Amino acid sequence: MSLVRMSAAIEPAAQPKQKTGKSVLARWSGPALGLILPLGLAVGWELAVRAGLSNGRLVPPPSVIYATFAELAKTGELQRHAAATLARVVAGFGIGVVVGTLLGAITGYSMLVRRFIDPSLQALRAIPSIAWVPLFILWLGIFEASKVTLIAVGVFFPVYLGVMGAVMSVDRKIVEVGRAFRLSGAKMVRRILLPAVLPAYVIALRSGLGLGWMFVVAAEFMGASEGLGFLLVDGQQLGKPAQIVAAIVAFAVIGKITDWLIVGITAPFLRWEDRFKSPAAEG
Amino acid sequence: MLTLEGVGKTYANGVHALDAVNLSVGPGEIVAIVGGSGCGKSTLLRAISGLDTPSQGRVLLDGEKVTKPHEKIGIIFQEPRLLPWLTVAGNVGFGLEDRPKAERDARVAEALTRVGLSEKANMWPRELSGGQAQRVAIARALVPRPEVLLLDEPFSALDAFTRVDLQDHLLGLWADTRPILILVTHDVDEAVVLADRIMVMRPRPGRIFDEIAADLPRPRERQSSAFDRVRRHVMAALDRSLKPVAPSDANEAAAFWW
């Protein structure tokens, strides 16, 4: 009895202390670990160029890249190109996600539809998507429509596959719980199927978005007057490596932010997940 | 009143899982179904629940034919089968979606208190132990106040202590509203502790082989000699049910083919 009371008295007191002691260091040591390598390389290269070990003409040092970045941002060029690229990705991603989700859900749900259209879609998936470019240009012209279509095709396949796989692998036992509570149709979808496929759906969206960013570059290579991809081509043709790297950095930053948006928006709906956490990440 | 009239099941692959089961269960009665594996216990329970439809015969609840899951019939599976995206309280209230929120909350809170998990209401299922999760499943099945509660080997995945604890717990909950309980189990002790009537089934095809009345006073003392007598009775019936079919049985005609 006294032992129980003792441990009960100790625990609440001990816990907060442990938490505050850990939080400052623990919260930042994880992300900081990942920064060591890129920062180290950047600083190392900067010092190497400053020390005259390299002229840094083909591989510009961080300071030059930053200057180019600042220059592009000051003139509003960077914003204009980034906005154009982002608009294409958003449009293509939106179309790809809607079509991929619908077809994935239907083929996952119905064996008949799956047998009917999945083989064709799998065959189309086997085509390297860049191979579509000439055809899309012939069909849709050289302006936005062909670019957005190419991105949508890139986004479609991972979303389609992810949704179909997720719907097909919903646990029969969980669906049976829904049936036992007399759910059917829309209620079954809303209360059982949607929450069950959500974790896999988020992953499908993220890989779709990744491909969307990949394909926007391909789309902009095929002839664009604005966009981050245009900056890349322009930098190559005019021999401005700093501009190329600046555009690459812009891609990385915007791509990462859009990925964070998906993760951040869906995170509240996925708190229930019983996920693997490595011991170091816990607490 | 739950009535089974010649309920049989032949699966699409030709397996004759269940052959013409007749059974009548009165209000508040607890019936245990025991038998070796593959004797059609679960098939029978699924036919009663409406999750599967029988190929022959029919299931009647108060004279009404059951062809699909019925609001007066609840089921508890071998695994808790909680929905991982709902909290404990959300799972318990799963069958009350169409009720006003205030009523739902009150009934969920009451049920959670009744199974002793009210302080876990806002936890996720992943944070529960196996026994706790099965208690939540019991609460979820009881909250809509079913007239018939079906249990498919509900405690077989739990350790012996938790199992005994939950058996007593189930009886306590049953006493509140006294629904019909139909319990499939392969644990003879469990059948004798809980049931008023024990149906022993025989496999290939599944059918009722023997019926044993367990008319012991409640609460039942697991160590009493009366308990042991019923248990031995059930064991003997189970033993006989698993023996090869004697010539005097259904194969009589076949034996005289020449």
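Predicted model: local features only at pLDDT ≥ 70, side-chain atom pairs only at ≥ 80, totals over all residues.
Student: How many helices and how many strands does chain A have?
Tutor: Read along the sequence, chain A follows the pattern α-α-α-α-α-α-α-α-α-α. The count for chain A is therefore 10 helices and zero strands.

Student: What percentage of the residues of chain A count as buried?
Tutor: Buried means under 20% relative accessible area. Chain A has 283 residues, and the share of them that counts as buried is 37%.

Student: Which residues of helix H7 of chain A are buried?
Tutor: Helix H7 of chain A spans residues 172-180. The cover over its buried residues includes H8 of chain A, and also helix H1 (41-49), strand S6 (73-76) and helix H4 (130-142) of chain B. The buried residues are A:Ile174, A:Glu176, A:Val177, A:Gly178 and A:Ala180.

Student: At the start of H7(A), to within what distance of the backbone nitrogen of A:Lys173 does a side-chain oxygen of A:Asp171 reach?
Tutor: The two atoms concerned are a side-chain oxygen of A:Asp171 and the backbone nitrogen of A:Lys173. The oxygen reaches to within 3.1 Å.

Student: Which residue just after H7(A) takes a positive phi?
Tutor: The phi angle in question is about 60 degrees. The residue that takes this angle is A:Arg182.

Student: How much area do chain B and chain A bury between them?
Tutor: The size of an interface is often given as the accessible area lost when the parts come together. Here the contact takes 21 residues from chain B and 18 residues from chain A. Of the area buried between the chains, 62% is on carbon and sulfur atoms, and the total is about 2,000 Å².

Student: Which residues of chain B lose the most area to chain A?
Tutor: Three residues together account for 34% of what the chain B side buries. They are B:Trp85, B:Phe94 and B:Arg126.

Student: How many salt bridges does the rule find across the interface of chain B and chain A?
Tutor: Over all chains, the count comes to 32 salt bridges. Between chain B and chain A there are 10 residue pairs in polar contact. For salt bridges across this interface, the number found is five.

Student: Which residue of chain A meets B:Arg46 in a salt bridge?
Tutor: The N to O distance of this salt bridge is 2.8 Å. B:Arg46 also belongs to a network of salt bridges that includes A:Arg172, A:Lys173, B:Asp52, B:Glu79 and B:Arg81. The partner of B:Arg46 in the 2.8 Å pair is A:Glu176.

Student: Which residue of chain B forms a salt bridge with A:Arg190?
Tutor: The side chains meet at 3.7 Å, N to O. The pair crosses between chains, from helix H8 (residues 185-221) of chain A to the loop between helix H2 (88-92) and helix H3 (101-114) of chain B. A:Arg190 is partly exposed at 47%, and its partner is B:Glu97.

Student: Which residues have the most contacts inside the largest nonpolar core?
Tutor: This core has 86 residues, and the largest share of them, 14 residues, comes from H8(A). The residues with the most contacts inside the core are B:Leu2, B:Leu4 and B:Ile182.

Terms used: Residues numbered from 1 in each chain as written. Chains lettered and ligands numbered in written order. Heavy atoms only, no water. Salt bridge = Lys/Arg side-chain N within 4 Å of Asp/Glu carboxyl O. Helix = DSSP H or I, 4+ residues; strand = E, 2+ residues; numbered from the N terminus. Buried < 20%, exposed > 50% of the residue type's maximum accessible area, 1.4 Å probe, protein only. Core = buried A, V, L, I, M, F, W, Y, C linked by side-chain atoms within 4.5 Å. Contact = heavy atoms within 4.5 Å. Buried area = accessible area lost by both parts, 1.4 Å probe. Polar contact = N/O pair within 3.5 Å; in protein donor to acceptor, adjacent residues only side chain to side chain.
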